[in-house]
Amino acid sequence: MIFDHIGIFVSSLEEGRRQLWPLGIRDWTEAVEDRLQKVTVAFGYDDRGLCYEIIAPLGEGGPVTPVLRSGRNILNHVAYRVADLDQTVQDLRSAGSMPLGEAKPAAAFAGRRIVFVLTPLRMILELIEDAP
């Protein structure tokens, strides 16, 4: 597993960028709309190259709105790229983690599959299928 980014839920990408500016997160990618995931995302980098993903709702029924309403889990996940997504999910499951849904293609990662997993520590991991 290779660290990829920290995911933060925001009400809008503009608001996320504005709030993260004082933390030195300034080098932002273009926004990517993912209709399957029902989110719009952008990636920003700090001076040391640490990557942050801001995730805003895209329409109704996505995962972001309920989290924003609750005010919990705003710092939502830590993401890792993995060579074998299915095997990694199986390994994590055998260690007590639970997938939060099925693996799905993600627009932000050129259609490579992603899946979210809840660990026994109640941390959410995003696993990103690495490029072949």
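Which residues of helix H1 (residues 13–20) are buried? In this predicted model, the buried residues of H1 are Leu 13, Gly 16 and Leu 20. Viewed down the axis of H1, these buried residues fall within an arc of 60°, so they line one face of the helix. An α-helix has 3.6 residues a turn, so residues three or four places apart point the same way. The other side of H1 carries exposed residues, Glu 14 and Arg 18. The buried residues of H1 pack against strand S1 (2–9) and against S2, S4 and S5.

Strand S4 (residues 39–45) is considered next. Six of the seven residues of S4 are buried, so the strand is largely enclosed by the rest of the structure. Strand S2 (residues 27–28) pairs with S4 in the antiparallel sense, over two bridges. In this pairing, Asp 27 stands opposite Tyr 45 of S4. Strand S3 (residues 32–34) also runs antiparallel to S4, and three bridges join S3 to S4. Here Glu 33 is placed opposite Thr 40 of S4. S3 and S4 form a hairpin with four residues between them, and Lys 38 in the turn has a positive phi of about 65°.

The pairing of S4 with strand S5 (residues 51–57) is likewise antiparallel and comprises seven bridges. Tyr 45 stands opposite Cys 51 in S5. A hairpin is formed by S4 and S5, with five residues between the strands; Gly 49, in the turn, has a positive phi of about 90°.

Not counting residues up to four places away in sequence, Thr 40 touches Leu 13, Ala 31, Val 32, Glu 33, Ile 54, Ile 55, Ala 56 and Leu 58.

Nonpolar residues were examined as cores. The largest nonpolar core holds 13 residues, of which Ile 55 and Phe 109 touch the most other members. S4, S5 and helix H2 (64–70) each supply at least two residues of this core, and S4 gives the most, with three residues. Leaving aside its neighbours within four places in sequence, Ile 55 is in contact with Gly 7, Ile 8, Phe 9, Val 10, Val 39, Thr 40, Val 41, Val 64 and His 77. A second, separate core of 11 residues includes Ile 6, Ile 8, Trp 28 and Ala 56.

The buried residues of H3 are Leu 85, Thr 88, Val 89 and Leu 92. Seen down the axis of H3, they fall within an arc of 100°, so the buried residues line one face of the helix. Gln 90 and Ser 94, on the other side of H3, are exposed. The packing partners of the buried H3 residues are strand S6 (75–82), strand S7 (98–99), strand S9 (113–118) and strand S10 (124–129). At the start of H3, a side-chain oxygen of Asp 84 reaches to within 3.3 Å of the backbone nitrogen of Asp 86. Gly 96 follows H3 and has a positive phi, near 100°.

Two loop residues complete the description. Ser 97 lies in the loop between H3 and S7, and its relative accessible area is 6%, a value for a buried residue. Leaving aside neighbours within four places in sequence, Ser 97 is in contact with Leu 92, Val 117, Leu 118, Thr 119 and Pro 120. Thr 119 is found in the loop between S9 and S10. Thr 119 has a relative accessible area of 12% and is likewise buried. Apart from neighbours within four places in sequence, Thr 119 is in contact with Ser 97 and Leu 125. The C-alpha atoms of Thr 119 and Arg 18 are separated by 31 Å, and these two residues are 101 residues apart along the chain. Arg 18 is one of the exposed residues of H1.

Terms used:
Residues are numbered from 1 along each chain as its sequence is written. This is a predicted model: local features need pLDDT of at least 70, side-chain atom pairs count only at pLDDT 80 or more; totals for chains, interfaces and linings use all residues. Side-chain values use heavy atoms; hydrogens and water are left out. Buried means under 20% relative accessible area, exposed over 50%, partly exposed in between (1.4 Å probe, protein chains only). Two strands pair if DSSP finds at least two bridges between them. The arc is that of the directions from the helix axis to the C-beta atoms. Contact means heavy atoms within 4.5 Å. A polar contact is a pair of N or O atoms within 3.5 Å; within protein, one must be able to donate a hydrogen and the other to accept it, and residues adjacent in sequence count only if both atoms are side-chain atoms. A nonpolar core is a set of buried Ala, Val, Leu, Ile, Met, Phe, Trp, Tyr and Cys residues joined through side-chain atoms within 4.5 Å.
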